[in-house]
Amino acid sequence: MLRLLGTVAVILLALTACSVPAGTGSTSAGRTFVVATSGEPDTLNPILGYGSDGASLIFDGLVARDAGNTLVPALAAELPAVSADGRTVTAKLRTGATFHDGRPLTAADVVFTYTAVLDPAVDSTLRSDLDMLTAVTAPDPSTVVFTLKYAYAPFLQRLTLGIVPAAALRDQDVNRAAFNRAPIGTGPYRVTSWTPGDRLVLAANESWWGGRPANSGVIVAFVADDNGRAQRARAGEFDAVELAPRLATAFPGFSVHKVPTADYRGVMLPMNHPVTGDAAIRRALDAAVDRQAMVTGVLGGAGDPAYGPVPPTSPFHVTTEPAPVDLDAAGWIAGTDGIRVRNGQRAAFALMYPATDSLRKELALAVTADARKAGIEIRPEGLTWEAIEPRMGDDALIMGWGTPYDPDFLSYKLFGSRFAGQGFFNPGGYRSAVVDRALQAGRDDADPEKRKAAYATFQRQLATDAPWVFLTYLQHTYVVRDDVAGVTPRVEAHEHDVANSLWWNIHTWTRR
Amino acid sequence: MIRVVRRRLAVAVPVLFATSIGMFLLGAASPIDPAMQYAGAAAFSMSEENLQQIRDNWGVDDPLPVQYLRWLGNLVQGDLGWSTSRHQAVTEVIADRAGWTLLLIGITLAVVLTGSLLAGTLAAHRRGGLFDRGVRAAAYAVESMPVFWLALGAIAVFALALGWFPAGGLTGVRATSTSFPDVAHHLVLPVTVLAISQAPWFVLFVRDAVAESLREDHVLAARARGLAGRTVLFGHALRTALLPFLTLVGTHLPELVGGSVLVETVFSLPGLGAVSVQAALGGDFPLLAAITLVTTAVVLTANLLTDLAYTAADPRVRIDG
């Protein structure tokens with residue numbers, strides 16, 4: 001027994017002794033960038049939802065977005081042409097683009113990609129985004145024609161989806177193909193290896209149509225635990241790392257980048273509740289919340305006040321400012337405890353939030369405190385989504401959405417009366433003929449000026465009716481090594497993991 | 001002996017059946033919608049029709065007995081099913097990750113056993129002495145610390161302040177291959193943290209058991225015969241105390257597995273811990289059922305081995321299966 005113990009002890013000592021810190025200073029390491037995120041994709045197949053908004057590093061869409069989120073041609077030679085009736089979109093493919101396995105890109109690959117998304121047997125989460133699409137055809141090997149059910153102005157924004165090689169997936173079960181873990185794309189990097197739960201290793205695609213990447217590769221480390229990621233960042237393991245605002249602090253050799261997003265948080269107010277159904281209460285609440293205090297106090301400065309669903313960074317944004325409301329004149333008179341009452345109805349309601357989301361919880365508490373000052377009583381309730389869903393039509397809820405790309409994307413379903421009470425679309429049952437008309441006009445008409453006017457009407461009407469009290473836009477915070485050159489933050493969507501993070505243009509990054 | 005093993009196997013089959021049925025019933029009672037979990041953030045902007053197509057593809061709305069029989073049929077053919085949270089065959093998920101978890105638990109168990117036997121015996125040797133009091137105080141202190149807190153503390157001190165060990169991961173983040181020294185270097189902190197967090201039970205148990213047996217007649221007799229102090233302590237007293245210790249190891253194994261989940265999370269090790277949590281939160285019943293079955297099988301085997309070791313260690317003990 002003793003001898004056995006001795007042997008074990010010796011082995012353990014040996015394990016400790018032979019440990020040599022892994023070197024990171026070699027020249028080949030200097031040309032590879034290491035980034036870290038918590039968001040590990042479940043799959044690397046664009047058909048199943050990987051990097052659907054582009055910047056996926058491994059794939060290219062027909063179009064891509066530049067630093068200002070403006071569409072630029074990618075696999076398409078120029079921006080696809082939209083017919084006069086808006087129902088036919090024609091894309092000419094770039095010549096000379098090849099997949100990582102050397103096969104040339106053809107129109108058949110594009111047709112295969114979009115057809116697979118539309119196939120009900122494929123477990124794609126993107127199908128409802130392409131509701132308007134009837135057919136995709138390839139009249140010749142370098143032309144793709146999309147036929148739409150109805151004119152859809154922002155359709156080109158949906159063409160950022162990565163194109164997969166038809167030859168690698170045809171006649172296979174797309175849901176379970178080996179391709180999903182070892183994909184082949186046309187993008188600036190090809191996949192060397194993916195160890196789930198650990199890291200994704202990418203090597204530069206020397207023959208990328210966009211030119212050789214400025215570095216030799218990228219390693220994406222997946223560290224789900226926030227504190228673990230912060231500590232490993234401090235140990236100097238990463239060149240760029242996404243961190244929660246309270247953990248993102250500068251330390252020697254590293255600095256913080258705060259990136260604006262279109263990801264907003266707000267209070268959804270149900271229309272058939274006796275208190276929140278009253279426009280005066282909603283507007284009073286809209287005026288009563290101290291958004292700047294929430295940005296400073298709850299978000300630690302990593303955010304911006306929100307007044308509507310179109311972010312200030314969007315060309316469609318118009319400024320609206322909630323005006324103070326005289327609740328006494330509206331019949332809501334303060335009672336002895338300071339809470340207002342009208343016709344025996346106390347100005348009180350429940351505010352739900354997902355209990356696991358500490359940010360939404362803190363926002364709910366801040367709203368509760370601000371409402372109290374206006375004489376409105378809020379009871380915050382932390383629940384699971386399963387408990388929240390059946391109550392959404394009757395009780396207020398802290399919700400969050402947001403995409404920087406087009407105002408149609410979420411707002412059409414979120415505020416359109418057609419979608420009232422349909423799951424997470426417009427759960428409060430908001431109905432406004434003005435908003436419906438504006439949202440439809442923004443979708444039907446391709447003319448940018450008319451669209452701008454339509455969304456201006458939409459935002460002003462929303463500010464008047466206040467079906468939501470918008471609180472804040474979040475900022476994503478990253479810590480980046482100081483010797484990295486080429487970091488170009490752009491407005492981000494809610495989802496940012498391997499694709500669409502601060503490293504959206506990592507193929508141009510170099511070391512100083 | 002063979003008769004015992006055979007009889008245990010006969011019991012194990014219904015236990016595994018009952019476990020799998022229990023899993024399915026729990027799954028049916030759970031309000032989690034696997035399709036919504038699968039879609040992630042997209043679930044909030046997807047149409048209900050789109051979600052329903054995915055549910056239909058998976059057959060998760062089929063009646064429970066249908067789902068169970070389908071799962072059982074595939075299991076008999078060696079197919080554990082498809083993990084909806086990992087988008088991978090369940091067998092692949094387990095094959096990729098179980099090795100790392102077993103390695104972590106295996107090394108930790110070896111460290112805990114060695115360390116606690118040594119420390120416990122020495123503490124019992126001079127009861128009330130400085131070492132004894134120190135060990136007991138440390139054991140109570142550690143017992144009251146959550147393991148993730150210990151882990152973060154260890155990272156702060158040994159990875160950040162001193163820079164001796166990496167703060168997480170299985171290999172250096174730039175490593176091109178999985179080399180033994182690199183993995184060993186990365187496992188030092190997780191193993192130490194997990195071992196320390198599990199040690200108090202074992203140390204205190206060994207200390208009490210040895211202290212008890214030091215007062216027993218055969219130990220006193222050995223001492224009276226003039227045997228060396230060390231021979232009496234390790235050869236006689238510790239030996240008597242070892243038997244109940246075996247049982248403790250057997251019953252404590254599940255707790256060790258629980259601790260490894262947390263340690264794997266903090267040190268970002270790609271073991272089974274993280275995927276089990278993900279499977280549970282994501283309503284991924286094929287993966288959850290497989291992990292539960294494997295764990296049940298491991299616990300049953302551990303119990304069997306404990307009993308067999310018992311008979312080997314103490315000729316007075318005979319088990320009738």
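Let me start inside chain B, where 23 residues of domain 1 of chain B are in contact with 25 residues of domain 2 of chain B. Before I go on, a reminder: this is a predicted model.

So, where do those domains run? In chain B, domain 1 covers 2-89 and domain 2 covers 95-313. Their centres, taken over C-alpha atoms, are separated by 32 Å. Between the two, about 1900 Å² is buried, and carbon and sulfur atoms give 70% of that area. Three residues stand out on the domain 1 side. They are Arg8(B), Met23(B) and Arg86(B), which supply 26% of the area that domain 1 of chain B buries against domain 2, more than any other three residues.

What about polar links here? The rule finds zero salt bridges between domain 1 and domain 2 of chain B. Polar contacts do turn up: five residue pairs, both at pLDDT 80 or more. Now the elements. On the side of domain 1 that touches domain 2, at least two residues each come from helix H1 (2-29), H2, helix H4 (64-76) and strand E1 (82-83) of chain B. Which of them gives the most? H1(B) does, with 10 residues. By type, that side of domain 1 of chain B has 12 nonpolar residues, nine polar and two charged.

Next, chain A. Its domain 1 comes in two pieces, 6-253 + 482-511, and its domain 2 is 260-474. The C-alpha centres of these two domains of chain A lie 33 Å apart. In contact are 18 residues of domain 1 of chain A and 21 residues of domain 2 of chain A. The area buried between them is about 1500 Å², with 58% from carbon and sulfur atoms. On the domain 1 side, Ala153(A), Val491(A) and His494(A) supply 31% of the area buried against domain 2 of chain A, more than any other three residues.

Staying in chain A, a look at two sheets. One is an open sheet of four strands, in the order E4-E5-E7-E6, with antiparallel pairing. At its edges stand strand E4 (81-82) and strand E6 (133-140) of chain A; each has a single partner strand, so one side of each is left without a neighbour in the sheet. Further in, strand E5 (residues 88-92) and strand E7 (residues 143-148) of chain A pair in the antiparallel sense over five bridges. One bridge to pick out: Thr88(A) has Thr147(A), in E7(A), as its partner.

The other sheet is open too, with three strands in the order E14-E15-E16 of chain A, and its pairing is antiparallel. Here the edge strands are strand E14 (333-334) and strand E16 (345-346) of chain A, each pairing on one side only. E14(A) is joined by two bridges to strand E15 (residues 340-342) of chain A, and the two run antiparallel. In this pairing Ala334(A) has Arg340(A), in E15(A), as its bridge partner.

Last part: the two chains together. In contact are 55 residues of chain B and 63 residues of chain A. Between them, chain B and chain A bury about 4800 Å², 60% of it on carbon and sulfur atoms. Which residues of chain B lose the most area to chain A? They are Phe44(B), Val173(B) and Arg174(B), together 17% of what that side buries.

Across this interface of chain B and chain A the rule finds one salt bridge. Asp239(A) and Arg174(B) form it through their side chains, at 3.3 Å, N to O. Between chain B and chain A, 17 residue pairs are in polar contact, both at pLDDT 80 or more.

Several helices of chain B give two or more residues to the side that touches chain A, including helix H3 (48-58), helix H5 (90-125) and helix H8 (180-214). H5(B) gives the most to that side, with seven residues. The residues of the side of chain B that touches chain A come out as 32 nonpolar, 17 polar and six charged.

Note on methods. Residues are numbered from 1 along each chain as its sequence is written. Chains are lettered from A and ligands numbered from 1 in the order in which they are written. Side-chain values use heavy atoms; hydrogens and water are left out. Contact means heavy atoms within 4.5 Å. Buried area is the accessible area (1.4 Å probe) that two parts lose on being put together, summed over both. A salt bridge is a side-chain nitrogen of Lys or Arg within 4 Å of a carboxyl oxygen of Asp or Glu. A polar contact is a pair of N or O atoms within 3.5 Å; within protein, one must be able to donate a hydrogen and the other to accept it, and residues adjacent in sequence count only if both atoms are side-chain atoms. Ala, Val, Leu, Ile, Met, Phe, Trp, Tyr, Cys and Pro count as nonpolar, Asp, Glu, Lys and Arg as charged, and the others, Gly among them, as polar. Domain bounds come from an automatic or database domain assignment. Two strands pair if DSSP finds at least two bridges between them.
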